[in-house]
Every structure is written in structure tokens, then in C-alpha cells.
Amino acid sequence: MEKKIAIITGGSSGIGFAIAKKFSEQNIHTIIVGRDSKKLEDAATQIGSNCETIACDVTNLKGIPELINGVISKHRHIDVLVNNAGINLKKSALEVTDQEFQQILLTNLTSVFAMTREVAKNMVARKSGSIINISSMAAHYGLPGVVPYSASKTAIEGMTRTLAVELSPSGIRVNCIAPGFIATNMSATALNGDPERKQKVLSRTPMGRLGDPQDVANAAYFLASDESTFMTGTVIPVDGGNSIGF
Ligand code: NAP
């Protein structure tokens, strides 16, 4: 059987790394994308076989067609795209500059669209593919202090539904995972200096802990696999009950 090929943006750390490791263990050839080539190489060494790296800043939109064409020339197909790369900014709304707002939208949203469009062109030709976007609980309730992040993640969920409808006739599924609070560098930056916020997070998470990146990786593998072939346009929370906690 032909090996599946997956691209994971932001696969060098945190949630993206856990997804890449899971895919690789499941014999999916995994291509991890990030800006820092040293971080990528270290991640690929840890992942072992079935992993290659591409150093690229996804905000360089003009470079995305070349990136995807390069993967297709080498591997002939792309079966799974995980749009995971993302950045956050914790700042009160009145202090966020237009430039900061645009930068977060460019990283977390516009690049996701550009990657998806280029990958989907190849998937359409093969009439098959799974695209997984990483959203956030910031798209589901009013989390103060993260206005551009919240805007970007909410938009990703709308985009997921529209793309799911447009691409379904071509055999492509598009789904979202909305992680709750997962133990990574990003959440450490947001929570470690803010014990009140951390306490609030834990108190409204019925499971009473932060998630492990592996928890998200398991859901991503399910969406990438043939176990989810009748699922598209969905948003799956992986949040220890945070979104329904009182
Ligand atoms: P992380 O450890 O900071 O990882 C972010 C990854 O994105 C890194 O590999 C980073 O690599 C890459 N990246 C950032 N900007 C990039 C760019 N312009 N081009 C290419 N790669 C870029 O964060 P994480 O917590 O795993 O977050 C992963 C995703 O999950 C994000 O979309 C985040 O919004 C989402 N999420 C996280 C949580 C959480 O609690 N942790 C909750 C909900 C949603 P380089 O720095 O080398 O580029």
C-alpha cells in the first residue's frame, strides 16, 4: 500500500510535534514545517523515521505554492494537511496595534487558507484528502486579553465549514480540532505568569488538569484516518470538558 504523506505546520514543538510523532508511528510519512531549522532538525531526530523537515515561514504567502509544488514533485501526493502553526498575543484589546492584529491574522488565518488552497489543488486531482485545522476554545467563549487570536480562531472554524461544503464533492474532508488548555510553550507563556488565569482555567475544566499534546494528536490521527470518512465540517473539542464546565 502507498504510504500516506502528511504536512504539519508548526510540527517542531508542542501540539504539532505530538501530531507528527503520532502520524509517523502510524507509518504516515510526515513533513514538518516551521521557521527555526535547528528546532525542526531536533524534532525530526526525536521522531525518527517517516519524518522530514521544511524550514519555512508560513506568513511568506508567496512562498507557499513553491513549498507545496516541491512536496508534490518529490512525493507525488499529499494526503493530510494539518494547519497547526500559530501564535498568540496576550494584551488588552485597547493596547493591541493594527500591526499586531494583522500579524496574528496572517499567521493563524491567511496562511492557513493559502496552504489549504495549494494542497487542495492536488487533493482535488486525486479525489481524496483530509485537512485538519487547529482552532481553540478562544473561538467558543469570550476569553479576555486575546482579541486577535480569538478573531483568527473563530474565522478558522467558519472557513472550515465553507471549505468542507465546497470540497466534499471532490472527496476532501475539512475538520477542526478545538483544543482546550494544553501543556505547551504557548500555554506556559500565557498562564505561568498569571496564577489567577491558570486557576480559572483549571476550575472550569472538569478534568482538573491541562491537556497533553498527545490528547490532541490522537484526535488528529482519527480525523486523518479512514475511521472518520463520514465526518467533515466538524469542530471537535479536546478540552477535558473546559467548554462545558461551570
Ligand atoms: P507552540 O509550542 O508555540 O508551537 C507553535 C509552532 O508553530 C512552532 O512549531 C512554531 O515553530 C510554529 N510557527 C509559529 N509561527 C510560524 C510561522 N510563521 N511559520 C511557520 N511555523 C510557525 O504552540 P502550541 O501550543 O503547540 O500551539 C499549536 C497550535 O495549537 C496553535 O495553532 C495554537 O493556537 C493551538 N492551540 C494551542 C493551545 C494550547 O493550550 N497550547 C490551545 C488551543 C489551541 P517556529 O517558531 O520554529 O516557527
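One aromatic pair is found in this structure, which is a predicted model. A pair of aromatic rings is described by the distance of the centres and the angle of the planes. Here the partners are Phe23 and Tyr221: their ring centres lie 6.3 Å apart and their planes meet at 65°, and because an angle over 60 degrees counts as edge-to-face, that is the geometry assigned to this pair. Phe23 belongs to helix H1, while Tyr221 sits in helix H8 (residues 213-224), so the pair ties together parts that are 198 residues apart in sequence. How covered are the two residues? Phe23 is buried, with a relative accessible area of 0%, whereas Tyr221 is partly exposed at 24%.

Let's follow helix H1 into its surroundings. Strand S1 (residues 5-9) and strand S2 pair in the parallel sense, with five bridges between them. To get from S1 to S2, the chain passes through helix H1 (residues 14-25), and this β-α-β crossover is right-handed. So the helix that carries Phe23 is also the link between these two strands.

Spanning residues 29-34, S2 is mostly covered, with six of its six residues buried. Which way do its residues point? His29, Ile31 and Val33 face one way, Thr30, Ile32 and Gly34 face the other way, and all are buried.

On its other pairing, S2 joins strand S3 (residues 51-55), again in the parallel sense and over five bridges. Thr30 is a handy landmark for both pairings: Ala6 stands opposite Thr30, and Thr30 stands opposite Cys51 in S3.

Now step back to the whole chain. Its secondary structure comes to eight helices and seven strands. The radius of gyration is 17 Å, close to the 18 Å that the globule rule gives for 246 residues, so the chain is as compact as a globular protein of that length. Along the principal axes, the C-alpha trace spans about 50 × 40 × 35 Å.

Two further numbers describe the packing. Buried residues make up 52% of the 246 residues. Among contacts between residues at least 6 apart in sequence, 71% join residues at least 24 apart.

Definitions and conventions:
Residues are numbered from 1 along each chain as its sequence is written. This is a predicted model: local features need pLDDT of at least 70, side-chain atom pairs count only at pLDDT 80 or more; totals for chains, interfaces and linings use all residues. Side-chain values use heavy atoms; hydrogens and water are left out. Buried means under 20% relative accessible area, exposed over 50%, partly exposed in between (1.4 Å probe, protein chains only). Helices (H or I, at least four residues) and strands (E, at least two) are DSSP runs, numbered from the N terminus. Two strands pair if DSSP finds at least two bridges between them. A crossover is right-handed if, with the strands pointing away from the viewer, the path from the first strand over the helix to the second runs clockwise. The radius of gyration is taken over C-alpha atoms; the globule rule is 2.2 Å times the number of residues to the power 0.38. Contact means heavy atoms within 4.5 Å. Rings of Phe, Tyr and Trp (its six-membered ring) pair if their centres lie within 6.5 Å; planes under 30 degrees apart count as stacked, over 60 as edge-to-face and the rest as tilted.
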